[in-house]
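I opened a new notebook page for this chain. My notes follow in the order I looked things up.

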Amino acid sequence: SRSAAGMHDKPCHDGLPFSSSSSRAGGIAARRGHDAGSASASAARSLRALGSPACWCRRREAWPGRGRVAEVRQQAAGSAAEGAPEELCRAAAALLSGGLAAALRPCAPPSAPSWVAVAPVCGGASSMRPPLRRWPCPLQPSGAALSEELVLATLAADPEARSTPPTWTSARVGFPSLLHIADAASPGGGASSGGGSVMGGGGSGVVGRRRPRLCPLSALTECCNARCSSHRGAIPQARRNFEQAVVAEVLGPSGPLSTPAAAASARLPQSGRQAGLRIVALGSGLLYQEFRLVQLLRSRGSHVARLTLIDRLYGAVCCESLPADAAGIRKAAFQELGGTWAEVRRNVAMALQQTTDFLAKIGTEVFVLSETEELAALCREEGQGFSWRCDLLLQVDAGELRRDTLSDEMKACLLAPGGLYCTLWAMTAHVAEEEGFDEDENPLRFCFSRLECCCLEAGAGRPQIRPLRSWRTYASAEHQRRHEDYLRELERENQELVRQIREERPELSEEQLEELLRELRRL
């Protein structure tokens with residue numbers, strides 16, 4: 001039986017074994033002095049248990065052979081890795097047991113009493129009511145120790161931070177689960193200072209063995225749908241180009257740091273709630289994209305004072321029972337996050353807590369809300385609204401362009417003067433991605449990005465939203481050509497339709513026809 005199993009370990013080019021079971025088993029038995037018939041019968045029984053060669057090819061990935069060596073080693077490393085700090089686990093569990101619900105339910109402002117006495121009515125007893133004005137409270141760090149070595153190792157482990165970013169082949173995108181950090185140097189030599197010992201980087205001296213440890217940002221991820229055009233494996237440059245454009249615009253001559261005072265404030269260390277950039281992220285999910293942008297801005301010398309995360313998912317995970325709409329999570333993403341509602345809740349809580357812990361070291365406060373309107377209500381509060389407006393408003397792959405984009409009034413409400421509204425949308429066109437494909441089953445996918453600025457125009461009564469730039473990103477030049485041909489054809493049809501309406505309705509003005517053409521282009 002051992003010979004039969006070994007025989008199938010190397011299939012030949014046509015998917016069949018190198019030799020038949022009877023001749024191979026008989027030859028081995030003859031060399032060992034055994035009966036060839038019994039060996040053949042043993043081999044046949046083994047083959048019946050294993051299945052046919054074709055079935056074996058399907059089962060090969062599950063067979064504990066050479067193909068599983070890397071996986072077994074990884075599992076062994078995981079079992080030997082240091083687990084999550086107890087403080088982090090307790091804080092994440094506290095979020096799910098009421099902490100997150102309390103953070104989503106704004107509390108009283110620090111200067112106001114927690115309860116306000118209400119005068120008695122018609123001689124009745126006095127009562128107490130909560131104050132009318134409400135105030136968000138930031139998430140609290142867990143207190144888990146994050147050494148400088150661990151921080152540097154974590155930032156170095158971000159795959160997207162490499163000089164040559166990876167080609168993502170998995171649905172999950174984000175930080176690795178484990179870090180491998182070298183132990184302290186042996187007595188024969190000293191470890192390099194700073195980041196020399198991080199990730200085995202080129203320090204001098206003799207370093208000890210590399211011990212695996214749980215990555216402090218292991219729960220952070222983003223779009224888990226590999227077929228989505230905003231997934232880094234589908235169109236790798238879509239998010240990367242967007243990140244570069246956002247950072248360049250923030251630091252550019254017309255961005256929120258254009259004035260000397262704002263630039264100096266953003267480069268100060270933590271010195272109060274108003275120092276530094278204020279970022280709001282809509283549909284932030286599990287935060288990998290948002291952390292990437294914060295880190296890119298920090299690497300360019302800008303301090304982020306406040307990060308406000310808005311997602312209906314945060315309100316949904318406060319409940320132990322799965323919502324009817326699965327909290328808006330697609331099936332593929334749901335499976336990637338654990339396949340059960342309990343695992344999804346745990347992953348969301350860990351992502352929020354890990355981000356809070358990591359950013360607390362650089363003085364960034366993290367707030368959470370479940371609805372955009374809640375932040376808008378804070379921004380409208382007299383005397384305190386401006387402090388809650390943001391310098392950078394992000395909406396990355398958060399819904400659909402026509403349904404979920406913000407109105408200009410909402411943008412002006414949430415943005416401080418000079419603030420930026422930056423969006424990236426996953427899009428599909430009603431044209432097949434390749435010739436001969438069905439346009440409904442295989443539509444052409446691309447990403448659309450747009451940057452806008454909140455400006456105070458001279459003489460204008462309220463801030464105006466001015467477009468800065470917009471662009472599309474495609475998976476290939478052929479996709480771009482096919483989509484542009486499709487758009488030209490649509491424009492010809494729209495122009496022809498407007499010409500017919502002009503002939504049939506001569507009473508319509510040119511302004512009305514232009515408005516009709518704009519509406520047709522938006523369809």
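What share of the contacts in the chain with a separation of 6 or more comes from residues 24 or more positions apart? I looked it up: they account for 70% of those contacts, a contact being heavy atoms within 4.5 Å.

**Ground rules.** I am reading a predicted model, where local features need pLDDT of at least 70 and side-chain atom pairs count only at pLDDT 80 or more, while totals for chains, interfaces and linings use all residues. Residues are numbered from 1 along each chain as its sequence is written, and side-chain values use heavy atoms, with hydrogens and water left out.

**Overview.** I found 19 helices and eleven strands in the chain. These are DSSP runs numbered from the N terminus, helices being H or I of at least four residues and strands E of at least two. Of the 523 residues, 41% are buried; buried means under 20% relative accessible area, with a 1.4 Å probe and protein chains only.

I traced an open, mixed sheet of seven strands in the order β7-β6-β5-β8-β9-β10-β11. Two strands pair if DSSP finds at least two bridges between them. β7 (365–369) and β11 (464–474) each have a single partner strand, so one side of each is left without a neighbour in the sheet. Neighbouring strands are turned by 20° against each other on average, direction ignored. The angles are between axes fitted to C-alpha atoms, for helices over the stretch in contact; they run from 0 to 180 degrees between N-to-C directions.

**Strand β8.** I followed β8 (residues 390–396) next; it runs parallel to β5 (residues 277–282), with four bridges joining them. Ile-279 stands opposite Leu-392, and Val-280 has Leu-393 as its bridge partner. Toward β9, also parallel, I counted six bridges. Leu-394 stands opposite Cys-422 there. Is β8 enclosed or open? Seven of its seven residues are buried, so β8 is largely enclosed by the rest of the structure.

**A helix across the sheet.** I saw helix α18 (residues 477–504) lying across β9 (415–432), β10 (443–455) and β11. α18 runs at about 90° to β9.

**Cores.** The largest nonpolar core has 75 residues. I take such a core as buried Ala, Val, Leu, Ile, Met, Phe, Trp, Tyr and Cys residues joined through side-chain atoms within 4.5 Å. Leu-309, Tyr-314, Leu-352, Val-368 and Leu-392 have the most contacts inside it. Helix α13 (residues 341–360) gives the most to this core, with nine residues. Apart from it lies another core, of 31 residues, among them Cys-390, Cys-413, Trp-425 and Tyr-474. I then checked Tyr-314: its contacts include Leu-100, Leu-104, Val-348 and Leu-369.

**Cysteines.** How many disulfides are there? I count zero, with the cut-off for a pair of cysteine sulfur atoms set at within 2.5 Å. The sulfur of Cys-228 is 3.9 Å from its closest cysteine sulfur, in Cys-223, too far for a bond. For Cys-390 the closest is in Cys-379, at 7.1 Å, also too far. Cys-228 counts as buried because its relative accessibility is 7%. Cys-390 is buried too, at 1%.

Definitions and conventions:
Buried < 20%, exposed > 50% of the residue type's maximum accessible area, 1.4 Å probe, protein only. Lists of a residue's contacts leave out its neighbours within four places in sequence.
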